[in-house]
Amino acid sequence: MADDFLPIKGYDHIEFYVGNARQAAHFYDKAFGFTPIAKAGLETGVRDRASYVLSQGNIKFVLTTALTPDHDIARHCTLHGDGVKAIGLKVGSVEQSLAAVKERGATILKPATAMEDEHGQLVVGEIKYAGDTIFRFVERENYRGAFAPGYNALEVTNSTNTDSPVGLAAVDHIVTNVHLNEMNYWAQWFEDIMGFKNLLHFTDEDISTEYSALMSKVMENGTGKCKFPINEPAEGKKKSQIDEYLDYYYGAGVQHIAMNTGDIYGTVTELRKRNIDFLRVPDTYYDMMRERVGDVGEDWDRLQELGILIDKDDDGYLLQIFTQTAQDRPTLFFEVIERHGSRGFGIGNFKALFISIEKEQALRGNL
Ligand code: FE2
């Protein structure tokens, strides 16, 4: 797009603030199939924090913990629990990107900052997003190292992820939960400040059960590389899953990260082998979907056996599955998605899924 003032090249990384980065790294490695590739900490001259970089396909997770008590990272964890702090976006020029969004009203948290080592130069800059979440622009054209200056590359010794890969390839979309009446504010923020467009809009009529409802707007950037759905709770008989998230995260934040795979059967089989728990859908869901979706060449018995969801729209269909929340607080979870033409988000699954999420929520005494 010629008038795209913020041509984002894609997701660069996602940084989580966690209580114990060493143990979190073990979980994302052994359970989710991410391989540790770089580390920063005392041994690299960083005195106040430790960060592990893990990679799978084009996805990079950075897990960061504080080494001192009176620290922004420690306070973030005290308030929110483990969660996503920064969404890293790849851009051609951090300076130009920051200037463009600043002119439109973005809150700059970190001006363009160049870092150098023997592998070249990396530039980053940060702006405020919902709650305590931030967007981090990253310019890495001139950097050849493992992740960033200040990080040591790690020797890859664990062969599990090579021998039995999970197969996650890229980040598909990142969903944010915001408070009641804030969805439109943030959708507008994406339009005005980031130059995104509204791709889809779901009302509480589309996404509701007997108990709870939510509204959602999907924002997409000019290059189509990044998609950010924004959810807000809607009036229901009982507390919605979005309210539950907001209560336990103590504010707006990232609800789930969806990751693409080219072979969802293989990915889910491997994740289940590694003890990742997924949301359960009732068997009646598959009777309903066989009729709704019809024959698209997928193996219905295998879909049902693995608990994979399916949805179809005018452009094609998609297969998806959702994990249980990834930490003790019922906040962040993950989605695995395989797209066959569909650019949607599984709207047809929302209702079936909600019933399932609410069952889990009721078990936690929060419904
Ligand atoms: Fe999703």
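Which protein donors hold positions 2.0 to 2.2 Å from the iron ion? In this predicted model, where local features need pLDDT of at least 70 and side-chain atom pairs count only at pLDDT 80 or more, totals for chains, interfaces and linings use all residues. Residues are numbered from 1 along each chain as its sequence is written, and side-chain values use heavy atoms, leaving out hydrogens and water.

The iron donors are His173 (NE2), His256 (NE2) and Glu335 (OE). Donors are N, O and S atoms within 2.8 Å of the metal (3.2 Å for Na, K and Ca); water is not among the atoms, so sites may look incomplete. Their spacing along the chain is H-x82-H-x78-E. His173 belongs to strand S10 (residues 168-177) and His256 to strand S14 (residues 253-261), so the pair ties together parts 83 residues apart in sequence. Both histidines, His173 and His256, are buried (under 20% relative accessible area, 1.4 Å probe, protein chains only).

The protein chain forms 10 helices and 17 strands (DSSP runs: H or I of at least four residues for helices, E of at least two for strands, numbered from the N terminus). Its C-alpha trace spans about 60 × 45 × 40 Å along the principal axes. Of the 367 residues, 55% count as buried. Contacts are heavy atoms within 4.5 Å. Among contacts between residues at least 6 apart in sequence, 67% join residues at least 24 apart. The chain exposes about 15900 Å², with carbon and sulfur atoms supplying 47% of it (Shrake-Rupley method, 1.4 Å probe; for residues, only the protein chains shown count as cover).

Conventions
Buried means under 20% relative accessible area, exposed over 50%, partly exposed in between (1.4 Å probe, protein chains only).
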